[in-house]
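Take a walk through this model with the structure open beside the text.

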Amino acid sequence: MPSVELQIPALSPYVGVVRLALAALARGAGLDEEKVDDLKIAVSEACSRAVLAGEAEDPGSPVSVTWTDEADRIVIEIADRSGEPSEPTGSDNSLSFSSRAVMSEALLRSLVDGYESTTAPDGTRTTRLLINR
Amino acid sequence: MELGLDVRKVDSHAIVDVKGEIDVYTAPKLREKLIELVSEGSYDVIVNLEGVDFLDSTGLGVLVGALKRVKAHDGSLALVCTQDKILKIFKITGLTKVFPIHDTVEAASGAAT
């Protein structure tokens, strides 16, 4: 099965690069434009979380993104070394109903067919997204 | 990746025409612009999202923050958006109940007065 791996520093300018690359891969794999749009948002959410945590704790630490085209689905894994998210609680995040993290979680759960996030004992957090064909 | 931000004043409203992608990299620029408007005394703001190609939770967070700022001055923040892919984000996060969303800038400025 074709697989592509990208590695970016955990810095915000690179999130758009991942989005662009994965959108191209998704179109190449035959996903329709609506699924491509949904995938771009889900990937952006997962990478933003890694970047926001990484910029706070270890700027430039690597975030790896793996794309695997399986027969009936696409699997995207985003792995970073930031452990659990520890976002600053600034004024923009203080509304509990609509804090960025809560909205991000809602988008991830809605826009892809499968979503899970796990943290290994060594602090590597992996976010796994599944998109059915 | 650039974010275009053009501000115009129509009557008592400040209209921000946003073009491009709003994500973790560009959202701080939008936040700064909206903070600047409020600090200048523009409390009735319309954010026109018709030129926006991409929006995620970082952009939503900025809009929610701006809404709180204008509300603190008894102001308003309305959005202009007709693109399904952007409206979908507001629906999933429940923000269609928080922001007035209009089809045109004219409708937004009329409704907000």
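What does the secondary structure of chain A come to? Three helices and five strands. The model is a predicted one. Along the sequence, the elements of chain A run β-α-α-β-β-α-β-β. The chain has 133 residues, and 38% of them count as buried. Contacts in chain A with a separation of 6 or more are 67% made up of residues 24 or more positions apart.

Confidence comes next. The pLDDT of chain A averages 87, and 86% of the residues score at least 70. Among the elements of chain A, helix α1 (residues 15-28) has the highest mean, 97. The lowest mean belongs to α2(A), at 91. Residues 89-98 of chain A are another matter: there the pLDDT is below 50. Beyond near neighbours in sequence, that stretch has 17 contacts in the model.

Now the sheet. Five strands of chain A form an open sheet with antiparallel pairing. Their order is β1-β2-β3-β5-β4. Which strands stand at the edges? They are β1 (3-9) and β4 (114-119) of chain A. Each has a single partner strand, so one side of each is left without a neighbour in the sheet. On average, neighbouring strands of this sheet are turned by 15° against each other, direction ignored.

Look at one pair in detail. β4(A) pairs with strand β5 (residues 125-132) of chain A over six bridges, in the antiparallel sense. Opposite A:Thr118 stands A:Thr126 in β5(A). The sheet also carries a helix: α2(A) packs on it, touching β2 (62-69), β3 (73-80) and β5 of chain A. The direction of α2(A) makes about 15° with that of β3(A).

Helix α2 (residues 33-57) of chain A has a helical partner too. It packs with helix α3 (residues 100-111) of chain A at an angle of about 140°. The two axes are 9 Å apart. The crossing of α2(A) past α3(A) is left-handed. From α2(A), the contact uses A:Asp38, A:Ile41, A:Ala42, A:Glu45, A:Ala46 and A:Arg49. From α3(A) come A:Ser104, A:Leu107, A:Leu108 and A:Leu111. By class, this contact has six nonpolar, one polar and three charged residues.

Next, the partner chain. How many residues does the contact take from each chain? It takes 23 from chain A and 21 from chain B. On the chain B side, α2 (57-71) and α3 (84-92) each supply at least two residues. The largest share, eight residues, comes from α2(B). The chain B side divides into eleven nonpolar, five polar and five charged residues.

Two backbone details in chain B close the tour. B:Asp11 has a phi near 50°, a positive value in a residue other than glycine. It lies in the loop between β1 (3-10) and β2 (13-22) of chain B. Is B:Asp11 buried or exposed? It counts as exposed, because it has 8 C-beta neighbours inside 10 Å, and the cut-off for exposed is 12 or fewer. B:Asp74 also has a positive phi, near 55°, and is likewise a residue other than glycine. The loop between α2 and β4 (76-80) of chain B holds B:Asp74. With 8 C-beta neighbours inside 10 Å, B:Asp74 counts as exposed.

Notes:
Residues numbered from 1 in each chain as written. Chains lettered and ligands numbered in written order. Predicted model: local features only at pLDDT ≥ 70, side-chain atom pairs only at ≥ 80, totals over all residues. Axes fitted to C-alpha atoms, helices over the stretch in contact; angles between N-to-C directions. Helix = DSSP H or I, 4+ residues; strand = E, 2+ residues; numbered from the N terminus. Left-handed = near helix turned anticlockwise from the far one by under 90°. Contact = placed C-beta atoms within 7 Å. Nonpolar A, V, L, I, M, F, W, Y, C, P; charged D, E, K, R; others polar. Pairing = 2+ DSSP bridges. Buried ≥ 20, exposed ≤ 12 C-beta atoms within 10 Å, placed from the backbone. pLDDT = per-residue confidence, 0-100.
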